[in-house]
Each structure stands twice: as C-alpha cells, then as structure tokens.
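Q: I have a model open here and would like to talk through a few of its contacts. Could you take my questions one at a time?

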Amino acid sequence: MSGDVTIHLDGVPRRVPAGVTLAAALCNLEHLAFRRDLGGGPRAPLCGMGTCFECRLSVDGVAGTRACLIEVHEGMRVELTR
Amino acid sequence: MRRRRHDVVVVGAGPAGLSAAATAASMGRSVLLLDQAPRPGGQIWRHRAGASLPARARHLLDRVRESGAVHAVATVVDAPAPDTLMVDFGGRVDLVHTAAVVLATGAVERLLPFPGWTLPGVTGVGGLQALLKGGLQVRGRRIVLAGTGPLLYPVAASLATAGARVLAVLEQAPFSAVAKFGTRALRDPHRFVDAVRWRATAWRSAWHHDAWVVRAEGGERLEAVTISVGGRERRIACDWLGAAAGLVPRTELARLLGCALEGEAIAVDATQATSIPGIWAAGECTGVKGDAAAVLEGEIAGATAAGDGGGMASRHAVARGQGIAFGRQLADTFALQPALRTRVTPEAMLCRCEDVRVGAIDPAWTARQAKLWTRVGMGVCQGTVCGVACTALYGWEPPQVRPPLAAPPLAAWARWLTDVDSPTES
Ligand SMILES: Cc1cc2nc3c(=O)[nH]c(=O)nc-3n(C[C@H](O)[C@H](O)[C@H](O)COP(=O)(O)OP(=O)(O)OC[C@H]3O[C@@H](n4cnc5c(N)ncnc54)[C@H](O)[C@@H]3O)c2cc1C
Ligand code: FES
C-alpha cells in the first residue's frame, strides 16, 4: 500500500502512511497517551492484538474503539480518550 | 438483527483456523471464517496490505480462497447456545447458526505486572511484534526485550531488520534448560534454519539468560529499565520494552461455551473434539506448540467438523502426538522462575482496567473475594490480562466470562435491540 492519508487527531489534521494500524500511526506521531488512568497516568498499547483494551479511543464517533485492530483511512476522526 | 446459517463456523484465522476452514470447505461444507483482525493470518502471519509473507502462509491463504470459505472481519461476542454465535460484524451484531464450531482462537501473552509497566512504551514481546507489523516505526529506537521461549527470536530479528537497536534480549529461563531444549528442538531442520537466521539477524544484541526486568521508569513515556541478569541489577536507557512471560491459550470463548479445560488449555481428544458436542478446537488455544502443529490440528478439526468420521485424525495421529510432545518440552523448559513473581511490589498495577494495585490484594483471598472487594478483573478486558497474571501469582482459576466478550460499540447493540425479530437469512 502506498501514499498517505489524513487523519484528524482531536480536530488537528495529520498525514500518516496508508495501511498502518491506528495504534502504530499514533505511536509514530509520538501520541503515546491513548487514554488516562484514574491517577491521570498515560496508557498506551500493550498487547497489540485487541485483548487488553489499553489502546481504546473514540474513532469516527465510536467510543471504545481499539486502535490496534483498525487501519487508518482518509478522513478518520480520532478523539484521544481523556 | 440478521440470522445467518453455515455448516461450519471457524473462529480465528491464524494457522489453525485457516487450515480448518480450507479443509472443511474443500469437503463441500459452507464455511464462515471469522477473525477480529483486519486481515487473515493470525499472530504469526499478521501483515499489512501488500506485505510479503512466507511461502507456507501464502499457500494456506490461497487454499482458503480457492476452497470457497467465506472470511469476515468480525468478533464473536457471545454464544447463547453451542450452535449459535453472536457476532459483531464491524458494528452490526448478527446471530450465526451452525452445526459445527471450530475454535482456533490462538494464544495471548502472559503479561505479569512489575513496577512501571503501565508506562507508554512498555508492551508485550509479541505485542511489540504486532505493533511493528501494524506499521510502528522503530528505526534507531533503543529496545529491550524480556520474555521467555522461542518467540524472542523472531521478534528480535524483525526489530533488528526494521532498524531498531535491540540493546538486550532477556530470557528468564536458565541457560542449562534452554541449551538442553535447543539441542533437541533444533534437530528439526526447519527450526534449525529459522533459529540460526533469526539469531544472526539480531547479532548485535546482548542475549542473556536467567534475566528479566525488575522495573520500568519514565514520566509520560518509558525512559529506562532496570534488569536483573543472573541476580545482578543494571539500568538501561531505552525507548521501548517488550516484556512478557510466555504465551497462554486464549480460552474465553471456549469457557463461555462451557468447554472443559485441561490446565489453561481447551481439552480436546485425538479428533480435536472438545467436551461439548459440535465444538472442536485447534491450534494454540489447545496448548502452545507453534504454528506447524496449529496447521496440522486445524486440518484434523476441519475434517472432523465436516464429518469425515475421524479419517484425517488417524492419518495424522503420529504427527499430532509429536506436536503435543514439543509443547510439553516448551512448557518444561520455559517454566517461570519464582523471581518473576517476587519482583512484583505492592505499588505495581495489577488490574490495568480498574486501577487495582498488587498491594490491594490479599493472596489468601479467593478470586471471587478479590473481585468483590477490589473489582480486580471486572474491567473492559474481562480479566484477559490480570486474570492470567492472578493465575500465575496466586494460583486462582481464570475469571468467569461474561458476554459480551468484547464490548461492541453501543450503536451495534441499539440496532440489535430494535431489530430482534427480523427473519432468518443465510
Ligand atoms: C501477540 C503475539 C504475537 C506473536 N507473534 C509471532 C511471530 O511473530 N512469530 C511466530 O512464530 N509466532 C508468533 N506468535 C505465536 C503464535 O501464537 C503462533 O505462532 C501461531 O500464530 C498460533 O496459531 P493459531 O492459529 O493457533 O492462533 P493465532 O495465530 O493466534 O490466531 C488466532 C486468531 O483468533 C482470533 N480470535 C480470537 N478470539 C476471537 C473472537 N472472539 N472473535 C474473532 N476472532 C478471534 C484472533 O484475532 C487471532 O487472529 C505470537 C503470539 C502472540 C500472542
Ligand atoms: S493494544 Fe491491547 S487492545 Fe489494542
């Protein structure tokens, strides 16, 4: 797969390579706090395979989406879980 | 909600599931092959569009395509009855009726807590491999791997190939055990060639035995790890840490269906039949023993589920037994050292979903008491992570599984509730 797509991170457009998982794309952008725990600590992907739910965030309006299970697409809207 | 009907439903499109689906479909059955990952291949053959795969993976994927089996990206979220699965097809929940289910759900990593392991940059060993295959850029990144078993080899090699600086690879088992295992396992020429190639690729890394991570440090992300090698501690600055304590069969769907377990694996007979009629299981969910055994068991399960009367099982009986023996050797060689449990300090996070720390747990409690009093294992991952850890740390039974297995987006449930009585389709 070639070329880039634009995803919107909390409304900010970012170009990322097409075909990568959203989890990888965010790590590559150094957006490592996918969510915050009760103490405010950052959490990021752990299992990479859809079982730990640490990578969950809101994608195209769907809360609780696991970023490691989906590939980026043009116009994807991502809200980092706060 | 739509209803679908298939002769055979295979859950999991890794080596075992692909092989089961191709076999059952080529025997004339209508086969639905489900996997929640965006592409078929399972853990070992996880890939991005256009990525190159080893010949045996391509061959198996071609066989599935030619067999007429239907592959769908979907998560099985519930099993109201052994012949009925509730499946989330990317936001739409349908009921799938079938006479035969083949569980090929693979394995998950045994992820044990240690101080600092919630920091971004700390992943599993296979977890880091999965992220890399998903497009994670690691060029120039400093990486430490800490795990156990043969998985360390391909992961170290692919990270090195991708330009990472794999500073250290830590195997928790003692050298003597691994050496004994190596001389036996490497008599298999394929394993030998792979092992040599992987080790050569990651030649720059320092490989240690009797070694594990004591703690991870950082602020907003991982900055350094303290490791223990043969009892001596050392600090290494790094960007990523892949840490796990081996693999464990993934059985939540099997437990939901009521299948009996043997230890941590789904119990199966020589035809891969589980304790529940109409349900078969193959691959690492029946015990960790590698991809070759998974393909073989998938073929047996697919044939029996398609009604071959056990012919395939008797043809493959010897090879199947060898796979199981190899699995036992793996388990013995890479048995966990007690230090992996004792390094766990009270402030280490145990349940990452509910933010329950190790110190909140009294090891004398039962799993039920712990759940009631601390909510350990009650979070969104359903104890997939901490349940496995609690089994290793306190000897507790795996937590009870509640549907849905993976919470489908609310919208899917809403549609399901308003749609319950729509007619059956197939
Ligand atoms: C994270 C990870 C990475 C690994 N990486 C490698 C590697 O790079 N090289 C290597 O040699 N070995 C690797 N392994 C070891 C691997 O387990 C085996 O090599 C092999 O893939 C096992 O084959 P399998 O068919 O039994 O299961 P898997 O390949 O694990 O396939 C199981 C499939 O079932 C799917 N599944 C499970 N539950 C559900 C459900 N409820 N609904 C829908 N789908 C479901 C999963 O998405 C998965 O794709 C890895 C293991 C893990 C856990
Ligand atoms: S990283 Fe574990 S679910 Fe995505």
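Q: Is the crossing of α5(B) and α10(B) left-handed or right-handed?
A: In this predicted model, the crossing of α5(B) and α10(B) is left-handed.

Q: And at what angle do the axes of those two helices cross?
A: The axes of α5 (residues 175-185) and α10 (residues 317-333), both of chain B, cross at roughly 165° and come within 10 Å. Because angles over 145 degrees count as roughly antiparallel, α5(B) is described as roughly antiparallel to α10(B).

Q: Which residues meet there?
A: From α5(B) the residues are A177(B), V178(B), F181(B), R184(B) and A185(B), and they meet F326(B), Q329(B), L330(B) and T333(B) of α10(B). Sorted by class, this contact has 6 nonpolar, 2 polar and 1 charged residues.

Q: Switching topic, how much area do chain A and chain B bury between them?
A: About 3100 Å² is buried between chain A and chain B, with 56% of it on carbon and sulfur atoms. The contact takes 35 residues from chain A and 42 residues from chain B.

Q: How many salt bridges are there between chain A and chain B?
A: Between chain A and chain B the count is 6 salt bridges, while over all chains it comes to 21.

Q: Where does the one between E54(A) and R352(B) sit?
A: That pair crosses between chains, with E54(A) in the loop between β4 (42-43) and β5 (56-59) of chain A, and R352(B) in the loop between β20 (349-351) and β21 (356-357) of chain B. The closest N and O atoms of E54(A) and R352(B) are 2.5 Å apart.

Q: What about E30(A) and R221(B)?
A: Their side chains also meet in a salt bridge, at 3.5 Å from N to O.

Methods:
Residues numbered from 1 in each chain as written. Chains lettered and ligands numbered in written order. Predicted model: local features only at pLDDT ≥ 70, side-chain atom pairs only at ≥ 80, totals over all residues. Heavy atoms only, no water. Axes fitted to C-alpha atoms, helices over the stretch in contact; angles between N-to-C directions. Helix = DSSP H or I, 4+ residues; strand = E, 2+ residues; numbered from the N terminus. Parallel < 35°, antiparallel > 145°, perpendicular 65-115°, else oblique. Left-handed = near helix turned anticlockwise from the far one by under 90°. Contact = heavy atoms within 4.5 Å. Nonpolar A, V, L, I, M, F, W, Y, C, P; charged D, E, K, R; others polar. Buried area = accessible area lost by both parts, 1.4 Å probe. Salt bridge = Lys/Arg side-chain N within 4 Å of Asp/Glu carboxyl O.
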